[in-house]
Amino acid sequence: DIIPQPLLDQYLSMTDPARAQTVDTEIAKHCAYSLPGVALTLGRQNWHCLKDTYETLASDVQWKVRRTLAFSIHELAVILGDQLTAADLVPIFNGFLKDLDEVRIGVLKHLYDFLKLLHADKRREYLYQLQEFVVTDNSRNWRFRYELAEQLILILELYNPNDVYDYLRHIALTLCSDKVSEVRWISFRLVVAILQKFYANNANALGLNFINELVVRFRHCSKWVGRQAFAFICQVGMFSLCVFMCTFN
């Protein structure tokens with residue numbers, strides 16, 4: 001009753017490999033690009049009409065097709081709701097996390113938007129995988145690490161201080177020592193955001209431990225770039241540092 005059945009059948013046939021060879025080699029990509037709009041039109045109650053097509057596109061041999069889906073999976077999650085997302089989208093999301101960098105960047109750019117839609121227990125499972133984003137197929141792809149730092153600043157609100165200290169802190173410290181200055185700068189903001197997270201949640205012990213680690217790692221670094229990093233962290237987060245140092249004294 002929502003759209004004519006022949007029109008839906010025509011859309012679903014766009015994933016047929018024969019059509020890609022005889023009609024348009026980009027037809028699968030166009031299908032992937034339009035899928036969230038079709039899902040929104042049909043409604044989550046009719047997701048079963050699109051599920052097989054979505055899974056076919058998610059395993060397409062063309063990385064451009066998978067990349068298109070990766071960039072929109074967070075929008076589809078909003079349309080489908082938490083139950084269908086956990087059942088049908090999370091496995092595909094996990095596959096994208098292990099894909100080429102051209103595909104992974106799609107889920108990375110909207111990592112916060114996707115994770116916030118998951119239940120807390122399912123969301124916590126990804127703490128173990130966030131470290132994998134630091135490693136890329138091409139080490140020169142510094143924008144990938146820059147995007148990771150930006151997303152982590154947002155993601156902090158999704159986890160408790162202990163999880164932030166145990167998992168995200170290590171990533172932040174690694175990014176602060178990146179070879180590219182742009183990555184280091186955004187990482188200094190991440191470090192300050194972590195300190196503010198501890199302060200806002202009265203996790204003073206964690207905050208002090210983190211500050212001591214910053215002092216040892218950067219303030220007393222044998223290389224000038226490390227000592228410069230500490231100065232910049234102090235500049236970006238003077239308030240948070242002062243609060244913790246006063247508490248320590």
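What follows is a run of questions about those labels, each answered from the values.

Me: What kind of model is this, and how many helices and strands does the chain have?

Reply: The model is predicted. The chain has 14 helices and zero strands. Its C-alpha atoms fill a box of roughly 75 × 35 × 25 Å along the principal axes, and buried residues make up 47% of the 249 residues.

Me: Why is the pair of Phe198 and Phe210 called edge-to-face?

Reply: Two values decide that. The ring centres lie 6.3 Å apart, and the cut-off for a pair is 6.5 Å, so the two rings count as a pair. A search of the whole structure finds eleven aromatic pairs.

Me: What makes that pair a link between distant parts of the chain?

Reply: Phe198 sits in helix 11 (residues 181–200) and Phe210 in helix 12 (residues 204–219), twelve residues apart. Both Phe198 and Phe210 are buried.

Me: Which residues form an aromatic cluster?

Reply: Phe93, Phe114 and Tyr126 form one.

Me: How do you know that Lys51 and Asp88 form a salt bridge?

Reply: Their side chains meet at 3.4 Å, N to O. The limit is 4 Å, so the contact qualifies. In all, the structure holds eight salt bridges.

Me: What makes Glu147 and Lys109 a salt bridge?

Reply: The closest N and O atoms are 3.2 Å apart, within the 4 Å limit. This pair also links distant parts of the chain: Glu147 belongs to helix 9 (residues 142–155) and Lys109 to helix 6 (residues 101–109), 38 residues apart. Glu147 has a relative accessible area of 10%, so it is buried. Lys109, at 36%, counts as partly exposed.

Me: How do you know that Lys122 pairs with Glu125, and are they buried or partly exposed?

Reply: The closest N and O atoms are 3.5 Å apart, again within 4 Å. Lys122 has a relative accessible area of 26%, so it is partly exposed. Glu125 is at 43%, so it is partly exposed too.

Me: What makes Arg169 a charge over the face of Tyr165?

Reply: Arg169 lies over that face at 4.1 Å from the ring centre, and the distance cut-off is 6 Å. Tyr165 itself is in helix 10 (residues 161–176). With a relative accessible area of 15%, Tyr165 is buried. The C-alpha atoms of Tyr165 and Gly207 are separated by 8.8 Å, though the two residues are 42 apart along the chain.

Me: Why is Asn202 called exposed?

Reply: Its relative accessibility is 65%, and exposed means over 50%, so the label holds. Asn202 is in the loop between helix 11 and helix 12. Its phi is near 55°, a positive value in a residue other than glycine.

Me: Which residues line the largest pocket, and how do they split by class?

Reply: The lining consists of Val134, Thr136, Ser139, Arg140, Trp142, Arg145, Ser177, Asp178, Lys179 and Val180. By class that gives three nonpolar, three polar and four charged residues. The volume of this pocket is about 190 Å³.

Me: Why does Val134 count as buried?

Reply: Val134 has 16% relative accessibility, and the cut-off for buried is under 20%, so it counts as buried. Val134 is in the loop between helix 8 (120–124) and helix 9. The C-alpha atoms of Val134 and Ala149, 15 residues apart along the chain, are separated by 9.6 Å.

Note on methods
Residues numbered from 1 in each chain as written. Predicted model: local features only at pLDDT ≥ 70, side-chain atom pairs only at ≥ 80, totals over all residues. Heavy atoms only, no water. 1 Å grid on protein atoms, 1.4 Å probe; cavity = no way out; pocket = protein on both sides within 12 Å on 5 of 7 lines; lining within 4 Å. Points joined across faces, edges and corners; volume = space filled by probe spheres on them. Nonpolar A, V, L, I, M, F, W, Y, C, P; charged D, E, K, R; others polar. Phe/Tyr/Trp six-rings, centres within 6.5 Å; stacked < 30°, edge-to-face > 60°. Helix = DSSP H or I, 4+ residues; strand = E, 2+ residues; numbered from the N terminus. Buried < 20%, exposed > 50% of the residue type's maximum accessible area, 1.4 Å probe, protein only. Lys NZ or Arg CZ within 6 Å of the ring centre and 35° of its normal.
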